[in-house]
Amino acid sequence: RATAIAGGPKRIDKRQARVAVADYLAAAGSAGHTVSFPVVDGETLVHVRVTVTYRRSMLGLFGLDDTVTVTGEATAHALTGP
């Protein structure tokens, strides 16, 4: 971080980013995810895709599936400040 604040390149610690994502999602009750690090215009980004399956017990009474699987994804870039 100090290097980036001083005007140097912003570097993402990929191992640490993967651990942070896994820890956050585990605390939120989700385990299915992927983490990638695309490079756009020379900048490494963090891209997270999460898959969650919800149990819908009441909808089964109306002939709908008891579960539904949803996915979400987001991409972020490193920000620094003094």
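Q: Where is S30 found?
A: In this predicted model, S30 is found in the loop between α2 and β1.

Q: Why is S30 called buried?
A: The relative accessibility of S30 is 9%. Buried means under 20% relative accessible area, so S30, at 9%, counts as buried.

Q: Which residues is S30 in contact with, leaving aside its neighbours within four places in sequence?
A: They are L25, V50, T51 and V52. Contact means heavy atoms within 4.5 Å.

Q: What is L25 in contact with, by the same rule of leaving aside neighbours within four places in sequence?
A: L25 is in contact with S30, H33 and V50.

Q: What makes the largest nonpolar core a core, and which residues are in it?
A: A nonpolar core needs buried residues of kinds that include Ala, Val, Leu and Phe, joined through side-chain atoms within 4.5 Å. The largest one here has eight residues: A17, V21, L25, V35, F37, V46, V48 and V50. Helix α2 (14-27) and strand β3 each supply at least two residues of this core. In soluble globular proteins, nonpolar side chains tend to be buried together.

Q: How do you know that β1 and β3 pair?
A: Two strands pair if there are at least two bridges between them. Strand β1 (residues 32-36) and strand β3 (residues 43-55) have five bridges, so they count as paired, in the antiparallel sense. One of the bridge partners is H47 in β3, which goes with S36.

Q: What makes β2 and β3 a pair?
A: Two bridges join strand β2 (residues 39-40) to β3. The requirement is at least two, and therefore the pair qualifies. These strands run antiparallel, and V39 stands opposite T44 in β3.

Q: How many residues lie between β2 and β3 in their hairpin?
A: There are two residues between them. D41, in the turn, has a positive phi of about 50°.

Q: How do you know that β3 pairs with β4?
A: The count is 11 bridges between β3 and strand β4 (residues 67-77). At least two are needed, so β3 and β4 are paired. They run antiparallel, with Y54 standing opposite V68 in β4.

Q: How many residues does the protein have, and what percentage count as buried?
A: The protein has 82 residues, and 16% of them count as buried. Its accessible surface comes to about 6,200 Å², of which 56% belongs to carbon and sulfur atoms.

Notes. Residues are numbered from 1 along each chain as its sequence is written. This is a predicted model: local features need pLDDT of at least 70, side-chain atom pairs count only at pLDDT 80 or more; totals for chains, interfaces and linings use all residues. Side-chain values use heavy atoms; hydrogens and water are left out. Helices (H or I, at least four residues) and strands (E, at least two) are DSSP runs, numbered from the N terminus. Buried means under 20% relative accessible area, exposed over 50%, partly exposed in between (1.4 Å probe, protein chains only). Accessible areas come from the Shrake-Rupley method with a 1.4 Å probe; for residues, only the protein chains shown count as cover.
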